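User: Could you walk me through a few features of this model? I would like to learn how to read them.

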Amino acid sequence: MRVVLIAANWKMHKTVAETLDFARALAPLVRDVSDVEIAIAPPFTALAALGAALRGSRVALAAQNAHFEAKGAFTGEISVAMLADVGCTYVILGHSERRALFGETDAFIARKLRAVQAAGLRPILCVGESLAEREAGRTFGVLRAQLEGSLAEAEAARAAELVVAYEPVWAIGTGKTATPELAQEAHAFVRARLADRFGASAQSIRIQYGGSVKPENAAELMAQPDIDGALVGGASLDPLGFSAIIRFRERRAGVSG
Ligand code: 13P
């Protein structure tokens, strides 16, 4: 059984004080939720403070990026050992914003992924097609190339710890969510490629959906057989909204509408 993982990707939002306010507000809202794993990826500047605040809680700490070198003259970069030091469990890699705005290639992401695994941390590898690629019928080719390239150096023995986030670029920050059927089709394709690469371990790998996930659409997305969680941007900035996504099962059962 794959445990659903709901993760907040705050991108470039929140100061340390705002981060701690959020953590204080979220705790009572999710205290009784036991069947969903929760993670928060704040900006680097808030990692240490949030890590200390979350210690002993059920909420895991995640980073939004990492560098593959252990140390050295890499101005502006953060190593995986530094992330482990402040209590990170997960590291988001290959987000479409890093690929599009900062020129990250699959080969570059593959090196980071190997470093994250070697440090005993868990990668959340993002893949997804642009609108132009989808309209040109290239979605599956793009996903295949991103998975093959970014997982080129992955350690098969740690495959079950891997998380993949399918984030169609046209759905990120646009309010346009993929339909559950369309997302499931992409997730099933991703899982089949993970099975090509890792065999039976692919059944243990969580595949999150990301792209305009909100309290209103989380339950029907999560009802799909290959959707094992969500990577949430905008809607994760507010503790009430984020907790409503974490509590998606109540909505599915009709408890909260
Ligand atoms: P939004 O939820 O704001 O669309 O962002 C999704 C995302 O990029 C998460 O990594």
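Analyst: Happy to. We start with accessibility: buried means under 20% relative accessible area, exposed over 50%, and partly exposed in between (1.4 Å probe, protein chains only). This is a predicted model, where local features need pLDDT of at least 70 and side-chain atom pairs count only at pLDDT 80 or more, while totals for chains, interfaces and linings use all residues. Residues are numbered from 1 along each chain as its sequence is written, and side-chain values use heavy atoms, with hydrogens and water left out.

User: How do I apply that to glutamate 153: is it buried, exposed or partly exposed?

Analyst: Glutamate 153 has 28% relative accessibility, so it counts as partly exposed.

User: And how do I read a salt bridge?

Analyst: Side chains of opposite charge can pair when their charged atoms come close. The cut-off here is a side-chain nitrogen of Lys or Arg within 4 Å of a carboxyl oxygen of Asp or Glu. The structure holds 19 salt bridges. In one of them, glutamate 153 pairs with arginine 114, with the closest N and O atoms 3.1 Å apart. This pair links distant parts of the chain, 39 residues apart: glutamate 153 is in the loop between α7 (139-150) and β6 (163-166), and arginine 114 is in helix α5 (residues 106-118). Helices (H or I, at least four residues) and strands (E, at least two) are DSSP runs, numbered from the N terminus.

User: What separates aspartate 21 and arginine 24 along helix α1?

Analyst: They lie three residues apart, about one turn of the helix. Their side chains meet in a salt bridge (2.9 Å, N to O). Aspartate 21 is partly exposed at 45%, and arginine 24 is exposed at 56%. Elsewhere, a network of salt bridges links Arg2, Arg191, Asp226 and Asp228.

User: How do I read phi?

Analyst: Most residues other than glycine have a negative phi. Lysine 11, although not a glycine, has a positive phi of about 50°, and lysine 14 has a positive phi of about 90°. Lysine 11 sits in the loop between β1 (4-9) and α1 (16-30), and lysine 14 is also in the loop between β1 and α1.

User: Which residues of α1 and α2 meet?

Analyst: Using contact as heavy atoms within 4.5 Å, Val16, Thr19, Leu20 and Ala23 in α1 meet Thr45, Ala46, Ala49, Leu50 and Ala53 in α2.
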